[in-house]
Amino acid sequence: MALILMYITNNPVTAKIAQEAGVDRIWIDMEYIGKNERQGGMDTVQNYHTISDIEKLRPIVTTAELMVRVNPLHEANAEYCSSEEEINDAINAGADVVMFPMFKSAEDVKKFVDYVHGRAKAQLLVETAEAVENIDEILEVPGIDEIHIGLNDLHLAYHKTFMFELLCDDTVSNLCKKISDKGIKYGFGGIARVGLGMLPAEYIITEHYHLGSTAAILSRGFCDANIVSNPIEIESIFIEGVANIRKKEIEVAAYSEEQYLKNIEIVREKVAEIVEKKKAR
């Protein structure tokens, strides 16, 4: 089964291009609470999307799904509404999938699932050490539709140098096994275009298939629409990039276990080289 490809944008033109090129989910990213403190100084994007962005894209996103990442669980204060109100607003504005970040416990997840209340797909973003530690209890919560393993914040939580170290130390594979045993769909991390990325996308795609993953984020290494502003160029990137991912998927879906194991060996070698270079800077 082909990976569900997800792309973050609040730009109607880019969203339409991505959808028509075969991207499965257009992602509105409203998470900002605590993000600067966690990722300040890092080369990461903070999007500050809003409910109005959901409303703006809803008429455009017709064949793909519209996914919204809300903020971590929070109460209302002078600066923002409560989690319950935020989730209600996102669903009422047209979210097909609601992604829940930075949770730590089964109790957090129960509140989130209750707030969604079956009106959209409830997706968990596993990206804290506590969520990993409590994953067995979390997986017992009814109403979880999907889980994505967020390598960026999770590698920070474990004080790793490079996010794909979590592929090499069995953190991701152990989580995938537990989630799979519960019959819940899962994905992890992001990918660039085939042939690109610090760890080239083809090796990551192969590991997605090896671990039974069903979803991946198209990262800035795939298309950074903040830099590439020409719609014709963006369209070319998406059409060719998605097609190349799909071709690679067909190839690796037929791999033997021996070929998958060889791939993870290569991944470990390349990740070790990347970590060494990063530490030397």
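Helices α11 and α12 lie oblique to each other, where angles under 35 degrees count as roughly parallel, over 145 as roughly antiparallel, 65 to 115 as roughly perpendicular and the rest as oblique. I start with that pair, then go to the whole chain.

First, the ground rules. This is a predicted model, in which local features need pLDDT of at least 70, side-chain atom pairs count only at pLDDT 80 or more, and totals for chains, interfaces and linings use all residues. Residues are numbered from 1 along each chain as its sequence is written, and side-chain values use heavy atoms, with hydrogens and water left out.

Back to the pair. Helix α11 covers residues 201-210 and helix α12 covers residues 231-253; they pack at an angle of about 50°, with their axes 9 Å apart. Axes are lines fitted to C-alpha atoms, for helices over the stretch in contact, and angles run from 0 to 180 degrees between N-to-C directions. Helices (H or I, at least four residues) and strands (E, at least two) are DSSP runs, numbered from the N terminus. The α11 and α12 crossing is right-handed, meaning that the near helix is turned clockwise from the far one by less than a right angle. On the α11 side the contact uses E202, I205, T206 and Y209, and on the α12 side I245, K248, E249, V252 and A253; contact means heavy atoms within 4.5 Å.

α11 also packs on helix α13, residues 257-280, at about 135° and with the axes 10 Å apart. α11 and α13 are oblique as well, but their crossing is left-handed. Here Y203, T206, E207, Y209 and H210 of α11 meet residues of α13, including Y260, L261, I264 and V267.

Now the sheet. Nine strands form an open sheet with parallel pairing, in the order β7-β6-β5-β4-β3-β2-β1-β9-β8. Two strands pair if DSSP finds at least two bridges between them. β7 (185-188) and β8 (190-191) are at the edges with a single partner strand each, so one side of each has no neighbour in the sheet. Further in, β1 (residues 4-8) and β9 (residues 215-218) pair in the parallel sense over 3 bridges. One of the partners is A215 in β9, which bridges to I4.

Finally, the whole protein. It has 13 helices and 9 strands. Its radius of gyration is 18 Å, close to the 19 Å that the globule rule gives for 281 residues, so it is as compact as a globular protein of that length. That radius is taken over C-alpha atoms, and the rule is 2.2 Å times the number of residues to the power 0.38. The C-alpha trace spans about 50 × 45 × 40 Å along its principal axes.
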